[in-house]
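The following exercises concern one protein chain and are to be worked with its sequence and coordinates at hand.

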Amino acid sequence: MKIRLLSGSLYVAILAAFFCLKIFLPNGYGDLCFDGMIYAFALFGTFEMLRATKEKTTAIQRGLVFAFAVLVVPFCVLAEYFGTVSGFIVVFLGLFVLSVGLLSLLVLRNEETSLEGLGISLLSAVYPTVLLCLLVIVNHTSADPELVHLALDSRIMILLIFVVSPCADSIAYVFGISFKKYFPKKLAPTLSPNKTVIGGIGGLVGGMLGAAALYFIYNAIVVGGYPQMYIWLPVYLVIGLFAAVATAFGDLVESCIKRKLGVKDMGKIMPGHGGALDRLDGTLFATIVVYAAFTFLSILV
């Protein structure tokens, strides 16, 4: 437990340090520092996926997937930083090239290349690199000058992603431990036997609490008030709710992948937690929800 707490605290400290760099370094250099952290996540996560799937893929397939992770994140960063093209286009093109390269192995390396290995290789590219590229795009999301008073920018999006997910996980754990004997029904017994429905409900509560706390703290510091609270507080609560759902779903996706691969943890970089993917699983899917929510809000307002 002590090791788990120490490694978890170190992870939080790293996130906080890079977020501070994002805020205080001028001329977009802070954004690039945060991109560097995301890049490290992508490399560590891809390495973990490729190691876990080593028995089902070939060396060439793993090499192509790792090359994709090495190249696509920096190109996505450059596209977003200079605003030349959308990061989505870069990711799509990179995934297209990777897909063609993997498919070509069916002809060039027919005997050693299986359809299962091809599918697993594509999965290893999408999870986590493509999902982390979305976090890069979030990191470079600029606020509409007319909406600065609402603080709808990349800073609050990143805070929601990295605060709501751990809040949801923590409160889910507390609810599960505290009320499991009264409400023992399993949430997904075949995928994650330790997760209970009551724990899942706790996760939803935790997600909304985390979002509400961010609303009051962030707006007090950045905006200096709470304009149209009757609208925006419920909006934050809804985002927190759906981000918590996405977090739980991401946890189950990771559990399913590990169960099918026959591994307990994806890595050992975080003692007590596992690997980078074991820590990022819910965050990856929360990113999708937060980005979608703010994209929708930017259209509405």
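**Exercise 1. Identify the salt-bridge partner of D251 and state the distance between the closest N and O atoms.**

Solution. D251 forms a salt bridge with K195, and the closest N and O atoms are 4.0 Å apart. The criterion is a side-chain nitrogen of Lys or Arg within 4 Å of a carboxyl oxygen of Asp or Glu. Helices (H or I, at least four residues) and strands (E, at least two) are DSSP runs, numbered from the N terminus. Finally, consider accessibility: D251 is buried, at a relative accessible area of 10%, whereas K195 is partly exposed, at 28%. Buried denotes under 20% relative accessible area, exposed over 50%, and partly exposed the range in between (1.4 Å probe, protein chains only).

Two conventions apply throughout. The model is predicted, with local features requiring pLDDT of at least 70 and side-chain atom pairs counting only at pLDDT 80 or more, while totals for chains, interfaces and linings use all residues. Residues are numbered from 1 along each chain as its sequence is written, and side-chain values use heavy atoms, with hydrogens and water left out.

**Exercise 2. State how many salt bridges the structure holds, and locate the pairs formed by E116 and by D278.**

Solution. The structure holds seven salt bridges. In one of them, the side chains of E116 and K56 meet at 3.8 Å, N to O. This pair links distant parts of the chain, with E116 in helix α5 (residues 115-139) and K56 in the loop between α2 (29-52) and α3 (59-82), 60 residues apart. K56 is partly exposed, with a relative accessible area of 34%.

For D278, the partner is K258, the closest N and O atoms being 2.9 Å apart. Here D278 belongs to helix α9 (residues 276-300) and K258 to helix α8, 20 residues apart. D278 is buried at a relative accessible area of 11%, and K258 is buried at 13%.

**Exercise 3. Describe how strands β1 and β2 are joined, and characterise T190 in the loop between them.**

Solution. Strand β1 (residues 186-188) and strand β2 (residues 192-196) run antiparallel and are joined by two bridges. Strands pair if DSSP finds at least two bridges between them. A188 stands opposite S192 of β2. The two strands form a hairpin with three residues between them.

T190 is located in the loop between β1 and β2 and is exposed, with a relative accessible area of 62%. From T190 to S255, the C-alpha to C-alpha distance is 9.8 Å, at a sequence separation of 65 residues.

**Exercise 4. Which relative orientations do the pairs α3 and α4 and α2 and α9 adopt?**

Solution. Begin with α3 and helix α4 (residues 87-108), which pack at an angle of about 165° with their axes 9 Å apart. Axes are lines fitted to C-alpha atoms, for helices over the stretch in contact, and angles run from 0 to 180 degrees between N-to-C directions. Angles under 35 degrees count as roughly parallel, over 145 as roughly antiparallel, 65 to 115 as roughly perpendicular and the rest as oblique. Therefore α3 and α4 are roughly antiparallel to each other.

For the second pair, α2 and α9, the angle is about 110° and the axes are 9 Å apart. These helices are therefore roughly perpendicular to each other. In their contact (heavy atoms within 4.5 Å), F41, F44, G45, E48 and M49 of α2 meet A276, L277 and L280 of α9.

**Exercise 5. Determine whether Y236 is buried or exposed, and list the residues that Y236 touches.**

Solution. Y236 lies in helix α8 and is buried, with a relative accessible area of 3%. Leaving aside residues up to four places away in sequence, Y236 touches I156, L160, A211, Y215 and N219. By contrast, L187 is 26 Å from Y236, C-alpha to C-alpha, and 49 residues from Y236 in sequence.

**Exercise 6. Characterise the peptide bond between Y127 and P128 and the phi angle of N27.**

Solution. A cis peptide bond joins Y127 and P128, with omega about 20°; P128 is found in helix α5. Phi of N27 is near 60°, a positive value in a residue other than glycine. N27 is in the loop between α1 (2-24) and α2 and is exposed, with a relative accessible area of 61%.
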